[in-house]
Amino acid sequence: MADLDGLTVSEALKVMDDEAVDDAAGEIPVRRSSPAPQIETEEDLSEDEERVAEVRETLRIDASVDPLAALLDSTKRVYDYVPIPRLGAQFQVRAIEDEQAYRSLVERCTEVKRSRRGQSREKINGPRLTKLIVAYYTVDPAFAPSSDAEVQARYEKLVAQSGVREPEDLVSKWLLIGEVEKLGDAIMTLSGFDDGDLLVEAAGN
């Protein structure tokens, strides 16, 4: 405490106020800024789904892996799961591994358009192609017949509740337009295409 002798009342009060401020300041901890933590794991990115996807993709690629060995150990039968929020469930889809089977779907969706001059040109019905891809490459639920007994049973159960048997009709009956597009995109991406939306381009049109 400072010596207040000889000071006027106002001067003494000012000195006491200044000391109180100094004491209070001494009790306030000094916060030192620390560098932002470096993002190194997926857990650090839990709130940034897009960044997590990028990290996962990066983690899949190892420059030390022998590409020939990886190819020889691989399989073309690739599966993935696609969330359908409306249903609170995940649909299982698989990659398109048989080019001929895929081409046959494209042919089913190819229409001949004639101009007023009588000229004809082929055009692929994109929405129908998407439905067919979803129908034949969605594993669970099953929208198409299968040689697998369990899958066939699930298909028959869906047919019994629908009143239709054609795979693309089942897809139209049970799924919303956006859900069909989402599944179609996932299947095309899983099949190695960079952009699942480019169904027509992928078909060679």
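A polar contact is taken here as a pair of N or O atoms within 3.5 Å; within protein, one must be able to donate a hydrogen and the other to accept it, and residues adjacent in sequence count only if both atoms are side-chain atoms. The model is predicted, so local features need pLDDT of at least 70 and side-chain atom pairs count only at pLDDT 80 or more, while totals for chains, interfaces and linings use all residues. Residues are numbered from 1 along each chain as its sequence is written, and side-chain values use heavy atoms, with hydrogens and water left out.

The chain holds nine helices and five strands, taken as DSSP runs numbered from the N terminus (helices: H or I, at least four residues; strands: E, at least two). Their order from the N terminus is α-α-α-β-β-α-β-β-α-β-α-α-α-α. Of the 205 residues, 24% are buried (under 20% relative accessible area; exposed is over 50% and partly exposed in between, with a 1.4 Å probe and protein chains only).

Helix 4 spans residues 99-108 and has Tyr102, Leu105 and Val106 as its buried residues. Because these cover an arc of only 100 degrees around the axis, they sit on the same side of helix 4 (the arc is that of the directions from the helix axis to the C-beta atoms). An α-helix has 3.6 residues a turn, so residues three or four places apart point the same way. Gln100 and Glu107, on the other side of helix 4, are exposed. At the start of this helix, the backbone nitrogen of Gln100 has a side-chain oxygen of Asp98 within 3.0 Å.

Helix 4 also contributes to the second largest pocket: together with helix 5 (126-137) and strand 5 (138-140), each supplies at least two lining residues. Among the 18 residues of this lining, Arg94, Tyr136, Tyr137, Pro145 and Ser146 lie nearest the centre of the pocket. A pocket is an open set of points on a 1 Å grid over the protein atoms alone, where a 1.4 Å probe fits, with protein on both sides within 12 Å along at least five of seven lines; lining residues have an atom within 4 Å of a point.

Turning to helix 6 (residues 149-162), Ser162 lies in this element and is buried, with a relative accessible area of 11%. The side chain of Ser162 reaches the backbone oxygen of Leu158 at 2.5 Å, and a polar contact of 2.5 Å links it to the side chain of Trp174. Beyond neighbours within four places in sequence, Ser162 is in contact (heavy atoms within 4.5 Å) with Leu170, Lys173 and Trp174.
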